[in-house]
Amino acid sequence: MTHPWFEGARTPRVLAHRGLVTAEDAAHGVEENSFAAVAGAHSAGAEYVESDCHLTADGVVVLFHDDDLSRVTGDPRLVADVSSSELESLMSGRGGLITLDQALDAFPTVKFNLDVKAAAAAEPVGRAVARHGERVLLTSFSDERRRMALSVAAAAAGTGIIPATSAGSATIARLLAAVAMRSDRLVRRALAGVDALQVPERQGRLRVVTPRLIAAAHRHGVEVHVWTVNDPADMGRLVALGVDGIVTDRADLALRTLG
């Protein structure tokens, strides 16, 4: 059965990477993964927002990509070492801090693609999304963090819908090996319990997204989403190749390009 996260939405899917920050927004100091960035993606018509989850010192799950604050705020401390109130102050002139609970409550029609960035965030993320399982996809480079968040969400949801999920790095590595070996049995095993593959087109010299990978995923009902694609020509080329979703910093441009 198709998870509700995939239902009723346009395809190819456009996933707003860390929200949407236009050139005008950036000129006014708006940063990625801020309240304003999520609002900007929603206003542009994006049905999906991709974001990242960290845990603050006082146990609040916030949408933030990096382990530390230096790139976004100029503060060298780790997210895990500051309180949510401190981070709210630092983000006040940068589009505003947004917590995971705020994102889910303030944007009830948005479907979220959430990357669990820190081990400490896995359990609280799972608890937070449990009542929103139909519109959340959980992922992480770490399959262990991803599975922990899913397990907590499933336990908290009871008979409700658990989030969809995309594969972590170890699972993707096994899948690529299985595709190279042309073993559908190993492909099926690698994709068990996975709803999507979210991958770069290339990783160094390795071409990750190939017609063979896409075909293998589709045979087992799994979508392929490619990150991070900002050039319209690349968007069109990848969609023509058969990918199901584009993760992009330019959701506004992607929505116009892909119709």
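This is a predicted model: local features need pLDDT of at least 70, side-chain atom pairs count only at pLDDT 80 or more; totals for chains, interfaces and linings use all residues.

Tutor: Let us start with a definition: buried means under 20% relative accessible area, exposed over 50%, and partly exposed in between, with a 1.4 Å probe and protein chains only. Helices (H or I, at least four residues) and strands (E, at least two) are DSSP runs, numbered from the N terminus. Residues are numbered from 1 along each chain as its sequence is written, and side-chain values use heavy atoms, leaving out hydrogens and water.

Student: Which residues of helix 10 are buried, and what puts them on the same side?

Tutor: In helix 10 (residues 211-219), the buried ones are L213, I214, A216 and A217. They cover an arc of only 165° around the axis, so they sit on the same side of helix 10. That arc is taken from the directions from the helix axis to the C-beta atoms.

Student: What do these buried residues pack against?

Tutor: Their partners are helix 8 (169-180), helix 9 (184-190), strand 7 (196-200), strand 10 and helix 11 (232-241). Contact here means heavy atoms within 4.5 Å. Just after helix 10, G221 takes a positive phi of about 70°.

Student: Why is the pair of F141 and W227 called edge-to-face?

Tutor: Rings of Phe, Tyr and Trp (its six-membered ring) pair if their centres lie within 6.5 Å; planes under 30 degrees apart count as stacked, over 60 as edge-to-face and the rest as tilted. The centres of F141 and W227 are 6.4 Å apart and the planes stand at 65°, so the pair is edge-to-face. F141 belongs to the loop between strand 5 (136-139) and helix 7 (143-157) and W227 to strand 10 (residues 223-227), so the pair ties together parts 86 residues apart in sequence.

Student: Why do F141 and W227 count as partly exposed?

Tutor: F141 has a relative accessible area of 48%, so it is partly exposed. W227, at 30%, is partly exposed too.

Student: How many aromatic pairs does a search of the whole structure find, and what makes the one between F35 and F107 tilted?

Tutor: The search finds 4 aromatic pairs. For F35 and F107 the values are 5.4 Å centre to centre and 45° between the planes, a tilted pair. It links distant parts of the chain, 72 residues apart: F35 in helix 2 (residues 35-44) and F107 in the loop between helix 5 (100-106) and strand 4 (111-116).

Student: Are F35 and F107 buried or partly exposed?

Tutor: F107 has a relative accessible area of 6%, so it is buried. F35, with 33%, is partly exposed.

Student: Why do R18 and N33 count as buried?

Tutor: R18 has 14% relative accessibility, so it counts as buried. N33 is at 3%, and therefore buried as well. R18 is in the loop between strand 1 and helix 1 (23-27), and its phi is near 60°, positive in a residue other than glycine. N33, in the loop between helix 1 and helix 2, has a positive phi of about 55° although it is not a glycine.
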